[in-house]
Amino acid sequence: MIENGAYFHSAILLIAALIFLFLFKFRTYRDSIQVMVLIQILNAATALLTAYNYVLEGSHYIHYLWIFAALISLAVIPVFIQRHQ
């Protein structure tokens, strides 16, 4: 069952998924550096939100992997910017 604020978590993930679908539907936005940065920021935010949800559930180690995934998503932003220039 959904509890402990998981409705909020689910709503945020659904909004992020809809934004991803909107951005990839239109070709003009697909190659934009701003879109790539926005996607990476949304990936990091959803990963951090998932990690937080696991912490609330009392998990022991899985939340560290989600935090690592968020850090990787943020770490590739300078790479996207450098390649675009």
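**Figure 1. Glutamine 40 in helix 3.** Glutamine 40 lies in helix 3, which covers residues 33–57. The model shown in this and the following views is predicted. Is glutamine 40 buried or exposed? With a relative accessible area of 11%, glutamine 40 falls under the 20% cut-off and therefore counts as buried. Apart from its neighbours within four places in sequence, glutamine 40 is in contact with Ser73, Val76, Ile77 and Phe80. Alanine 75 is 35 residues away from glutamine 40 along the chain, and the C-alpha atoms of these two residues are separated by 9.1 Å.

**Figure 2. Leucine 74 in helix 4.** Leucine 74 is placed in helix 4, the helix of residues 62–75. Its relative accessible area is 39%, so leucine 74 is classed as partly exposed. How far apart in space are leucine 74 and alanine 44, C-alpha to C-alpha? The distance is 6.4 Å, although 30 residues separate leucine 74 from alanine 44 in sequence.

**Figure 3. The contact of helix 4 with helix 5.** Helix 4 (residues 62–75) and helix 5 (residues 77–84) have axes that come within 4 Å and cross at roughly 20 degrees. Because angles under 35 degrees count as roughly parallel, helix 4 is described as roughly parallel to helix 5. On the helix 4 side, the residues that meet helix 5 are Ser73, Leu74 and Ala75. Their partners in helix 5 are Ile77, Pro78 and Val79. Sorted by class, this contact of helix 4 with helix 5 has five nonpolar residues, one polar residue and no charged residues.

**Figure 4. The packing of helix 1 against helix 3.** Two packed helices are described by the angle between their axes and the distance between the axes. For helix 1 (residues 6–25) and helix 3, the angle is about 160 degrees and the axes are 11 Å apart. An angle over 145 degrees counts as roughly antiparallel, and helix 1 and helix 3 are therefore roughly antiparallel to each other. Their crossing is left-handed. Helix 1 takes part in the contact through Phe8, His9, Ile12, Leu13, Ala16, Ile19, Phe20, Leu23 and Phe24. Helix 3 takes part through Val35, Leu38, Ile39, Leu42, Asn43, Thr46, Leu49, Thr50 and Asn53.

**Figure 5. The largest nonpolar core.** Which residues make up the largest nonpolar core? The core has five residues in all: Phe20, Leu23, Val35, Ile39 and Leu42. Helix 1 and helix 3 each supply at least two residues of this core. The largest share, three residues, comes from helix 3.

**Figure 6. The whole protein, for orientation.** The protein has five helices and zero strands. From the N terminus on, its elements run α-α-α-α-α. How much of the protein is buried? Buried residues make up 27% of the 85 residues. Among the contacts with a separation of 6 or more, 49% are between residues 24 or more positions apart.

Definitions and conventions
Residues numbered from 1 in each chain as written. Predicted model: local features only at pLDDT ≥ 70, side-chain atom pairs only at ≥ 80, totals over all residues. Heavy atoms only, no water. Axes fitted to C-alpha atoms, helices over the stretch in contact; angles between N-to-C directions. Parallel < 35°, antiparallel > 145°, perpendicular 65-115°, else oblique. Contact = heavy atoms within 4.5 Å. Nonpolar A, V, L, I, M, F, W, Y, C, P; charged D, E, K, R; others polar. Buried < 20%, exposed > 50% of the residue type's maximum accessible area, 1.4 Å probe, protein only. Left-handed = near helix turned anticlockwise from the far one by under 90°. Core = buried A, V, L, I, M, F, W, Y, C linked by side-chain atoms within 4.5 Å.
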